[in-house]
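Work through the exercises below with the sequence and the 3D view open. Each task is followed by its solution in steps.

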Amino acid sequence: MKYSNILKGVTALALLVSLSGCSLFSNNSKNKINPVMPDDRENIAVKKDPQMYTPEEIKRGVVKGDWAIETVYGKKAVGEEAPFIKFVPADRRVYGNNGCNVLNAEYVYNPQDSTIRFDHIASTMRMCPTEGLTDYEINTALGATKYYTWRIDGHDYYLNFYDEMGSEVMQLMHQNFEFLNGTWAVKKINGKPINNPEMKMVIDIDEGKLHGNTGCNIMNGELSIDMEHPNSISFSNILTTRMACPDDSGETVLLVALEEVSAARPVSVNEVILFDTRHNPVLTLVRSADK
């Protein structure tokens, strides 16, 4: 997703002014500089439908999205990087990381008889440490996979892969944050209702970007997903314009809350809750009608 040149210019100007120790506003109204606000939010909205698992897909055993590799042949999956695979049904391929090297493969599965097969498994050839789980073991486990089971444990989804003898070769946990894609209105911060229709954010999981309005200023930031921990997501490098606000207390509370976010869970297709490291809800978001 590409933001408009206006928004890029505003963000760059805010950063430049911030680094110089100046401000975009002064007590003299004649010298006040007001950033140009977008009249139409269409140019910043993520036009993607929510991709949560539906009850029907769960019932049918559909396999899609990002999955963290939890165990391989009964051993905890650890490596230089968090091992994971991403299923792309449209391509009939999986992409991911085996703890050291990037991998990809073709796959085909049949929910009716719970069979799944990975073919033409390929990975980069970077030298990897031999301590802990090796990338070779993950590739071997994928090659040996013949069957799968799909289960729900609380809010988490799990896949288990088995070889032709029925022995478990791999367990994976679902890490799909596509339910966060789109435009959201901030309804609660730390449990307190927010009544500011301008306080919104646009989240793009594929690009790892956050954009929005604090209720007064434009903000831009980044987001990252930790495949090693369930539902783990965080926001960082959040920059805002520096327009003077009648009451900036709400803006400050929002920015602090975003910095504290460590996990996200959907309540429904149109509502999500973001939690801090102590599992306290810090932000409640409701899908906005803005497109």
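**Exercise 1. Find the backbone nitrogens that the side chain of Asn97 reaches, and describe the setting of Asn97.**

Step 1. The side chain of Asn97 reaches the backbone nitrogen of Cys100 at 3.1 Å. This is a polar contact, defined as a pair of N or O atoms within 3.5 Å; within protein, one must be able to donate a hydrogen and the other to accept it, and residues adjacent in sequence count only if both atoms are side-chain atoms.

Step 2. A polar atom of the Asn97 side chain also lies 2.7 Å from the backbone nitrogen of Gly99.

Step 3. Asn97 belongs to strand β4 (residues 93-97). Helices (H or I, at least four residues) and strands (E, at least two) are DSSP runs, numbered from the N terminus.

Step 4. With 5% relative accessibility, Asn97 is buried. Buried means under 20% relative accessible area, exposed over 50%, and partly exposed in between (1.4 Å probe, protein chains only).

Step 5. Leaving aside residues up to four places away in sequence, Asn97 is in contact with Ile69, Glu81, Ala82, Pro83, Phe84, Val102 and Leu103. Contact here means heavy atoms within 4.5 Å.

The model is predicted: local features need pLDDT of at least 70, side-chain atom pairs count only at pLDDT 80 or more, and totals for chains, interfaces and linings use all residues. Residues are numbered from 1 along each chain as its sequence is written, and side-chain values use heavy atoms, with hydrogens and water left out.

**Exercise 2. Which backbone nitrogen lies 2.7 Å from a polar atom of the side chain of Asn213?**

Step 1. Locate Asn213 in strand β13. At 4% relative accessibility, Asn213 is buried.

Step 2. The backbone nitrogen in question is that of Gly215.

**Exercise 3. Describe strand β12 and the strands joined to it.**

Step 1. Strand β12 covers residues 199-204, and six of its six residues are buried, so the strand is largely enclosed by the rest of the structure.

Step 2. Take the two faces in turn. Met199, Met201 and Ile203 are on one side of β12, Lys200, Val202 and Asp204 are on the other, and all are buried.

Step 3. Strand β10 (residues 182-189) runs antiparallel to β12, and four bridges join them. Two strands pair if DSSP finds at least two bridges between them.

Step 4. Asp204 has Lys209 in β13 as its bridge partner.

Step 5. The hairpin of β12 and β13 has four residues between the strands, and in it Gly208 takes a positive phi near 65 degrees.

**Exercise 4. How many salt bridges are there, and how exposed are the partners in the examples below?**

Step 1. Side chains of opposite charge can pair when their charged atoms come close. A salt bridge is a side-chain nitrogen of Lys or Arg within 4 Å of a carboxyl oxygen of Asp or Glu. By this rule the count is seven.

Step 2. One of them joins Lys86 and Asp66, with the closest N and O atoms 2.9 Å apart. Lys86 lies in strand β3 (residues 84-88) and Asp66 in strand β1 (residues 65-72), so the pair ties together parts that are 20 residues apart in sequence. Lys86 is partly exposed at 27% relative accessibility, whereas Asp66 is buried at 17%.

Step 3. Another joins Asp276 and Arg278, at 3.1 Å from N to O. Asp276 is buried at 5% relative accessibility, and Arg278 is exposed at 58%.

Step 4. Asp153 and Arg151 also form a salt bridge, with their closest N and O atoms 4.0 Å apart. Both partners are partly exposed: Asp153 at 44% relative accessibility and Arg151 at 34%.
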